Amino acid sequence: MTPREGPTMDQNRSQREALPAGRPFAHSETTSPRIRQLREQLRVSRFPLSIVKARLQTEAFRNSDGEPMVLRRARALAHVLDNIPISISEGELIVGNGASQPMGLELDFYAGLWPRDEIEGLREAGYEVSAADEAEILEMNDFWKHFDAIGRAGQWADDRLWSFLQTGMVLPPWKSRENGPGGGYAESGLGLGPGFYLMTVDFGMVLERGLLAIIEDAEQRLAALRYDDPEALEQGSFLRAVVIAHRAIIRFAGRYADLAERMAATTTDPVRRAELTRIAAICRHVPAHPARSFHEAIQSFWFTFLMVTPSPTAAMGRFDQFMLPCYEADHGSDEEVLELLQCLRIKDMQFNRISGKVARQKNAGLAKWHNMVIGGVRRDGTDATNPLTWLVLEAVSRCPTAHHTVTLRVHDGTPEPLMKRALEVIRLGTGMPALVGDRSYIAYLCSQGVPLEEARNYAIGGCLDVTLPGKSRSAAVGMFIVPMVFDVTLLNGVERRTGQFLGLHSGEFTDFGSFDEFYAAFKQQLRHCLTLHAQKNNLDLLISRELYPDPVRSSLMEDAITQARPLLERTYLLENGALLNMVGMINAVDSLVAVRKLVFEERSVGQQELLDALAANWEGHEDLRRRFLAAPKYGNGDDYADGIATELFSFWADTAASLPSCLGGSHKPSGISVSSQWPGGALTGATPDGRFAGECLADGALSAMRGRDLHGPTGLMRSAMKIDQSRYQAGLFNLKFHPSAMESDEDLRKLSMLVRTYFAHGGKHVQFNVVSRETLIEAQKDPERYQDLLVRVAGYSAYFVHLGKAMQDEIIGRTAHTHVS
Amino acid sequence: MDRAAAIAPSLTVPGPGGLAATRGSVFNVQRYSIHDGPGIRTTVFLKKCSLTCLWCQNPESQQEAPELFFDADKCAGCGRCQSVCPEGAITMRDGRSWTDRSRCTGAGHCAEVCPQGARSLMGRYLSAGEVFREIAEDSIFYEQSGGGVTLSGGDPLAQPEFALALLRLCKQAGLHTTLDTCGYAAWPTVRQLLEHVDLVLFDLKHMDSNRHRQLTGVGNEPILRNVRKIHRELRRPLRIRFAVIPGHNDEIANVEATADFVAGELGRSVPVDLLPFHRFGEAKYQRLQRPDPLAGFVPPDPAQLAGIQAVFQSRGLSAHLGG
C-alpha cells in the first residue's frame, strides 16, 4: 500500500483550488533579440569533432604513471581545464563551453575505443576526421586500451557471460571481447566521466558554500590523517585529488573572467562591454565563493554542471528549490531571470554526443536527459511551488528547445493553476514538462528504507529514475530486452539470432501440458538471464571503481570529505547502484496472454503450429496472426491480460531484490525504454502478440504496444494502475494526444484531473506526446499502429483512425508544423 | 491489500434480473469523453432516433437494429464473408464483396471472419447491467473530476425502458448523469427518465414547425413543450445545443427566434452551446453504403458563427462555441 502522504486528497483539493491563479509576470510569446541570436548560433550542419581534450588527458596520464588512479585523474582534469581553448559567444550571459569549440564534441576512450572502421563510420555519418587526427586517435587507442572499461570487461567475461553479451539481450550486442559493441563516445562536458550515471550532485552545496570551502574541508581532513589508519593512503590520495580538481575548476573560472575582461576592453558596444564586465566579476567570484545573486548562482551551477558531464544522464536536480535563496537575495527583474533561464536551455543545447555505430541506435538522435526537476513537496510535505517553478516553465514556453528536460513533480496539493500552465506548455509540442507523481516515488523510497523527509527531496536522473541529491547514484543501468527471453524460452534456452545457448534448458515448448508449466519455464529463463545481467552490472561497477574514481562528482556527495572515498567505494542512503531495467516487457506480457488463451485454454492452436508461424515470421500464417492479434491485450483495463502484467512486474521486482549489488544492497527494478524499443525489436524474432520479427517493441514500461489499447486513456491507465509501480525506480508511461484534444481551458482541467487520478492511484509518470503533422500522415497510412490516437473534431473527441479520409486530411491540414530546434 | 481490488469500482453491480436485465441497442461507449457534460465522462451512444435530420452525423444510430459497416478500401475480395452469410446477401463484384442490404439482417458473421477488418457491425444488444459494468470501470476518474455518465444517441428517448434502466443503475451508484437528447417523446416518458438525470443537453433544430418537419421529419411542438416543462416544472439543469447548419437553420430569423425562445421561455440562466456543422459523418454514409446527404452541406465560417453568437448574447444569454 502507498503510505498516505500529508493531508487527505479532499483537503488538498480545496487548498489547491483556493490558491491565487498564476504568477504576477506577463506571459509572452515573443523571443528577445538575444535569445533569437543565441538560438540562431545553434544551427550548425555538423557538430565539430575534436581530440583536444583526449590529447590533454593523454599527456597528463603519460606524466603521472605510477601514481594512484584518483590522483592521475585529478591531474588529467586540471591539465584539461588549464589548457583547453575557451571562448565566449556573442550575446552569451552564461559562459563555459563543454568542449574546445562551441557546440563541439570531444572524443573519449573510456567506454570503448575508436578502431579504424569506427573512424570510417564517423566519416560516413558526415563528421570530419583528418588523416593526422586519425593517426593520433589510433595511437591513443593503444594507450587507452589499458583504461578502457569495455576491453576490461571483455577480459573478465567468462564463457557464459560472453554468450550473453553477444546476444544483445542487454543492448547493444557485443562483437568482440576487445572492442565490445565497437566504438566509444564523443561528447560535450569537461569532467572526467564516464557518463551513464543516474545521479544528482548536491548543487546547493556549491552555491551555498563555494568550492573554496570544500577545498578547506579537504585540507583540514588531510591534516588530520593518521597513519595508524589502514586506509590512510587511499583517503589521503582522494583528498589530495579533490583539492587539485577544485583548484583547477576555480582557475578555469578565472580563465573565463580574464577572457571576458579582454573582450570587454576591445568591444565597441557599451551594452556588451557592461555585460562582459559583469560576467568577469561573476567568474572571479563563483564557483570559488558562495553565490550572492541569481546570476552568480546560475553561472556557478553551470560551471559545476560542466564538471559532472560528459554524461547524457547528469541530472540538474531540484533547480527551483536550490536556486531559491539566491533568487530571493538578488535577481533583478523576473524578465532578467527568464533570460538567464533561456540562456541555460541554449547552453544545454550546445551539448551533444555521438557514439559508435551500434550504440548510436540505442539512444536515437542526440538523446540526453539533463533533467531539471521543479515543484513537488518540501521536506515537511507542504507544496514546494515557488516563483522559480513558474519561471522555469515560462522559459520552456519562450524557448521551446528539445533540451534541457524539465520534469514537474505533482502531488495532491500541486496548485491547479500550475498544472494548467504545465499542460499549456506541453501542448506546445516539446513533450515538456514530463509529469511524475510524488506519491509513487516517495512510496518507493520509503520502501527502500529512506526516511520520509529525505524521500520528499528526490530528484530525477536520466529520464525518470529516482535519485536523492548527493545521496544516491545509479552507475550500472542496462537496457534488457524482455521479449528476447520469451523467444529463448520457446527455443529451450537458445537465442534465435546468434544461436547461442545461454546455459539453461527449460523444456521443449511442444512438451508443456499447461500454461502454468510454460509460464514457470519463462520465469525460470527470465531469472536466469537477469542473473547474467546482474553479473555484468557488477562487473561494470567493479571495473569503473578500479579505473574511474572521480574526485569531482564524489566530492559533491553528502559527507564526502569525512568519508574520503570515491563514490563507487561508498554505500549510500539509497543504494541503487545497479538497476535491472526492462524494455519490451509489455510484448512479453501480451505474448504470454495470447499463448495462454489460444494454445493452452482454447487449445485452438497447436504448439508446433505456433513455433512454425513464428519461425516463418507469420508468413503463410496470416490468419493465425490475426487470431493472436485479437487475443486480449494489456492496456485496455482487461483483467485477463493485466493479471499477467501485474504478476510479471512483481516477479521482476522480486528478482531484482534477490540479486546483490557489489556496492551493497540489491539490484533495483526500473522501467524506462528510452529509444531501445527500436534496436531491441530489431534483434527479437516474431512474438505471439502478433508482432513481426524485427518490429519495434512497446515503448515505455507501462504503455501498451502501439495501437493495441482501444479503450482510451482511462482504459490504459486502469491497466497501468493495477501494477504496483511503487516497487519501481521509474515507470515510463506515454499517452498520445493531438493538440486539438487539449484546446480549451476546460480540456486542460479535465486532462489535469486524469493525471491526478492516475497519480493518486499509484501512477508514476505521464508523458504526453503531442502528435505532429508527420505522425498523423503516418497514422493515415498505417492505422493499425495508431488506433489509440485521440483527436478532437469540432467539439467531439474521436479516434483519428476512425475518421474518413477527407476528415483526416482536414485535421492534418490544421496541424501546424511545430519546428523545435 | 490486493491492488486490483483497491482500484476496482466501489459501486455495487446489480445482480441478474430487474433493471440490469433490460436490454437495448448501443453503438458506442466512449470513454474519456470530455465534451458532453462536466468532468471526465463515459458517453453511451444508444441506437434509434425519432428524427431523421438531413445532416445527421451518426447515420448508424438511426435504426435500432445492428447495421453493417463496410470499408470498401480495406476489402481484399477474399470471399470469406460470402461463404458465412446465412442470408446469402453477399456476392463478389469487381474483386470486392457486395452486400444486398435488403437481405442483410445484421447477424454479423461476415464481420467476424473478415481478415482485413473491412466489415464491422455497428451496434450490439446489451443488457443495462453489462453497459453499467463498463461505465463503472472508470468510476475513479469520475470521482476526481466530478464527471459521470452521459446518454447520447441516436436519441436515448427512443429506447425509453433501456435508458431508464441505465439511468437508474447509474443513480443508484451515485454517478452524475447527463442526458443528451432532441426531446421528441411523450411528456410522461420524459418526466419519468428525468427523475434520474442531473443535467440535460437539449437540442433545438428549428423554431418553425413546418421547416422543422422538412429538416427532421417531425414537427417541433412536443419538443418545445418538453423543454419548457423540463425547465419550469422539473427545474432540471439544462443546456441548449444549437447545431449551426448553414442554409438550413442559420437564417437570421430562425437564429433570433431560437434566442428569443431560450431567453424568453427558459430564461437567461440557461447556457447555449453553438455546434458548428462538420463533415465528421461523411465516411459513415459510405460505410453504410448509403448516398451521402452531406455533400451539399458546408461548415459555417468563423465570422458567421461569431454573428450567431452575438445574437444570443444580445438576448443576455451565455453562448459558447463548441460543446
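Which residues of chain A are linked in a network of salt bridges? The network consists of Glu335(A), Glu394(A), Arg398(A), Lys420(A), Arg421(A), Glu424(A) and Asp745(A). A salt bridge here is a side-chain nitrogen of Lys or Arg within 4 Å of a carboxyl oxygen of Asp or Glu.

The model is predicted: local features need pLDDT of at least 70, side-chain atom pairs count only at pLDDT 80 or more, and totals for chains, interfaces and linings use all residues. Residues are numbered from 1 along each chain as its sequence is written, chains are lettered from A and ligands numbered from 1 in the order in which they are written, and side-chain values use heavy atoms, with hydrogens and water left out.

Chain A contains 34 helices and 19 strands. Both kinds of element are DSSP runs numbered from the N terminus (helices are H or I with at least four residues, strands are E with at least two). The radius of gyration of chain A is 26 Å, close to the 28 Å given by the globule rule for 821 residues, so chain A is as compact as a globular protein of that length. This radius is taken over C-alpha atoms, and the rule is 2.2 Å times the number of residues to the power 0.38. The C-alpha trace of chain A spans about 80 × 60 × 55 Å along its principal axes. Of its 821 residues, 65% count as buried. Buried means under 20% relative accessible area, exposed means over 50%, and partly exposed lies in between (1.4 Å probe, protein chains only).

Chain B has 12 helices and 13 strands. The C-alpha trace of chain B spans about 60 × 60 × 35 Å along its principal axes. Buried residues make up 57% of this chain.

Over all chains, the count of salt bridges comes to 66. One of them joins Glu275(A) and Arg34(A), with the closest N and O atoms 2.6 Å apart. Glu275(A) lies in helix 12 (residues 270-285) and Arg34(A) in helix 2 (residues 33-41), so the pair ties together parts of chain A that are 241 residues apart in sequence. Glu275(A) is buried, at 17% relative accessible area. Arg34(A) is also buried, at 15%.

Lys471(A) forms a salt bridge with Glu558(A), and here the closest N and O atoms are 3.6 Å apart. This pair links distant parts of the chain, 87 residues apart. Lys471(A) is in the loop between strand 11 (465-467) and strand 12 (473-474), while Glu558(A) is in the loop between helix 24 (551-555) and helix 25 (560-563). Lys471(A) counts as buried at 10% relative accessibility, whereas Glu558(A) is partly exposed at 39%.

A further salt bridge joins Lys722(A) and Asp639(A), with the closest N and O atoms 2.6 Å apart. Lys722(A) is in helix 31 (residues 712-722) and Asp639(A) in helix 29 (residues 639-658), 83 residues apart. Lys722(A) is buried, with a relative accessible area of 7%. Asp639(A) counts as exposed at 55%.

Asp228(A), Asp229(A), Glu234(A) and Glu569(A) gather in a patch of negative charge on the surface. Patches are made of residues with over 30% relative accessible area and no salt bridge, like charges being joined within 9 Å. Asp229(A) sits in the loop between helix 10 (211-223) and helix 11 (232-266). This residue is partly exposed at 30% relative accessibility.

Backbone geometry was also examined. Most residues other than glycine have a negative phi, and most peptide bonds are trans. Val286(A) and Pro287(A) are joined by a cis peptide bond, with omega about 5°. Pro287(A) lies in the loop between helix 12 and helix 13 of chain A. Pro290(A) is found in the loop between helix 12 and helix 13 (294-308) of chain A. The C-alpha atoms of Pro290(A) and Leu211(A) are separated by 8.1 Å, although the two are 79 residues apart along the chain.

In chain B, a cis peptide bond joins Gly153(B) and Gly154(B), with omega about 25°. Gly154(B) lies in the loop between strand 8 (148-153) and helix 6 (160-172). Lys48(B), a residue other than glycine, has a positive phi near 85°. Its place is in the loop between strand 2 (41-46) and strand 3 (67-70). Gln289(B) likewise has a positive phi, near 55°, and lies in the loop between helix 11 (282-287) and helix 12 (302-314).

Technical notes: Patches are made of residues with over 30% relative accessible area and no salt bridge: like charges are joined within 9 Å, nonpolar side chains (Val, Leu, Ile, Met, Phe, Trp, Tyr) within 5 Å. Accessible areas come from the Shrake-Rupley method with a 1.4 Å probe; for residues, only the protein chains shown count as cover. Lys and Arg count as positive and Asp and Glu as negative; His and the chain ends are not counted. The place of a charge is taken as NZ of Lys, CZ of Arg, CG of Asp or CD of Glu.
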